[in-house]
Amino acid sequence: MTTPAGVPSADASGAPEPDLRSGARGTPARGAGQRVPGARGLAARLLAALAVVLATGALTAWLVASAVGPGLFHDHMVDAGVGDHDAAVVHAEQAFRDASAVALALAIGAATLASAAVSLVLTRRIGRSLAAVSTAAAHVGAGAYGSRVPAPGLGAEFDELAGSFNAMAARLHEADRLRARLLADVAHEVRTPVATITGYLEAVEDGVQPWDATTLAVLREQAARLTHLAQDLTAVTRAEAGDLALDVEPVAPAELLAAAAAAVRERAADAGVSVVLAPAPGLPDVAVDRVRIAQVLDNLLTNAVRHTPRGGTITLTAAAGVEADGGVALRVTDTGEGIAPEHLPHVFERFYRVDTARDRSGGGSGIGLAISRALTLAHGGTVAVTSDGPGTGATLTVTLPAA
């Protein structure tokens, strides 16, 4: 889709390209991700804590060895039959104390140096990993949603933290992409009727166009188009936000399909398309709001009529759902233009059009299927689309929970 004037350009993925110039979007704001003056980093704190642990362990080892070692040595000498006050015993005990002190001091010193080296490596590695998360979070906070954190390999907890952050950044990236495209599409949708209204009013003011019934009809049509667009946007926003009061009751699937077929049959006849009902017998009732589900099916059928050529057929069926918890699947199958595989994942997005020119000339706002998805999800159901490609028709399936 061509990007309207005034809307930021997008890359191949549809995401707006972040401006990495100073102070622009994608660059962390002043102070974001920067260390507070005077505050010590986590690596320094960990190293200090490990130093305290090492000092405590060394002091404890020294005190225990000094208190226990000489006594045990003296007892062994007495057990060997040497007198308590022999000069040899006193000298041996003094030699033991000196040797033990030197050996213990050297051992503690070597252990302290080795432990300090290992602790320094670990704390620096942990500090770098957390600094990477902090920096990436600052960039994401500034709008650069493409920032990612590599798995640090410091354990399952750190790997889960990195994975959760990357998943969050990916969702924000997608939401930002959809927001930018939504703004571009809304601007495009509004521009055409506003330009038409403005052009006719200027022509009337200049005396080029008479203020007659034809002019009035055009202006009313464009105003109605704007009103319809505003109503559709309000409906899909409320549905997606869960701000809907559903009057749920058990309804037979065949009854829902019959009402939907009756509502669309006149429009289908004008388009030269036949509508066929074929619900399976013996299906359970579904728990739905009749009015809302009628809106869902009407949007699906309107879409099917729009994309099915004269002489085509639209078939409404109901069957048992394939989900583990049961339910009923309502299907709208047409023999129309079909959908290419690359378009299938985007059919239910707002303003998405496979053929932009055709749909705009047909008068669709591009929000009907998005409304259908939002209303179906509000009922606890699912909606999906399948097609074997262009020229093969399409099937839209709404699966609803059984009553």
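**α6.** I started with α6, which has 17 residues and runs 24 Å from first C-alpha to last, close to the 24 Å expected at 1.5 Å a residue. The expected span here is 1.5 Å times one less than the number of residues. Helices (H or I, at least four residues) and strands (E, at least two) are DSSP runs, numbered from the N terminus.

This is a predicted model, so I kept to its limits: local features need pLDDT of at least 70, side-chain atom pairs count only at pLDDT 80 or more, and totals for chains, interfaces and linings use all residues. Residues are numbered from 1 along each chain as its sequence is written, and side-chain values use heavy atoms, with hydrogens and water left out.

I then listed what is buried in α6: Ile293, Val296, Leu297, Asn299, Leu300, Leu301, Asn303, Ala304 and Val305. Buried means under 20% relative accessible area, exposed over 50%, and partly exposed in between (1.4 Å probe, protein chains only). Those buried residues pack against α5, β3, β4, β5, α8 and β7 (394-400); contact means heavy atoms within 4.5 Å.

At the N-terminal end of α6 I found a cap from Asp289, with a side-chain oxygen 3.0 Å from the backbone nitrogen of Val291. I count a polar contact as a pair of N or O atoms within 3.5 Å; within protein, one must be able to donate a hydrogen and the other to accept it, and residues adjacent in sequence count only if both atoms are side-chain atoms.

**His379.** Asp289 came up again here: its backbone nitrogen lies 3.0 Å from a polar atom of the His379 side chain. The His379 side chain also reaches the backbone oxygen of Leu375, at 2.8 Å. His379 sits in the loop between α8 (368-378) and β6 (382-386). Is it buried or exposed? His379 counts as buried because its relative accessibility is 8%. Beyond four places in sequence, I see His379 in contact with Leu246, Ala287, Val288, Asp289, Arg292, Ile293, Leu400 and Pro401.

In α8 itself, I noted Leu369, Ala370, Ile371, Ser372, Ala374, Leu375 and Thr376 as buried. Just after α8, Gly380 takes a positive phi of about 80 degrees.

**α5.** Next I checked the length of helix α5 (residues 253-270): at 1.5 Å a residue its 18 residues should span 26 Å, and its end C-alpha atoms are 26 Å apart, which agrees. I still found a bend of about 45 degrees in α5, at Val264. The bend at a residue is the angle between axes fitted to the seven residues ending there and the seven starting there.

Val264 is also among the buried residues of α5, with Pro253, Leu256, Leu257, Ala260, Ala261 and Ala268. An α-helix has 3.6 residues a turn, so residues three or four places apart point the same way. The cover over the buried residues of α5 includes β1 (249-251), β2 (274-279), β3 (286-288), α6 (290-306), β4 (313-320) and β5 (328-334). After α5 comes Gly272, with a positive phi near 75 degrees.

**Cores.** Which residues touch the most other members of the largest nonpolar core? Leu256 and Leu330 do, out of 45 residues. The largest share of this core, seven residues, comes from α6. A nonpolar core is a set of buried Ala, Val, Leu, Ile, Met, Phe, Trp, Tyr and Cys residues joined through side-chain atoms within 4.5 Å. Not counting residues up to four places away in sequence, Leu256 touches Val251, Val286, Val288, Ile293, Leu297 and Leu330. Apart from this core I found another, of eight residues, including Tyr145, Val149, Phe165 and Ala169.

**Annotated spans.** I looked up the unreviewed UniProt entry, which lists residues 42-65 and 101-122 under "transmembrane region". Such annotations may be inferred rather than shown by experiment. In the model, residues 101-122 are 100% helix and 0% strand, with end C-alpha atoms 31 Å apart. Gly109 lies in helix α2 (residues 87-141) and counts as partly exposed at 29% relative accessibility. I put its C-alpha 8.6 Å from that of Ala58, 51 residues apart in sequence.

**Ala384.** I found Ala384 in strand β6, partly exposed with a relative accessible area of 38%. Beyond four places in sequence, Ala384 is in contact with Phe348, Thr395, Leu396 and Thr397.

**Whole chain.** Last, I noted eight helices and seven strands in the protein chain, with 31% of its 403 residues buried.
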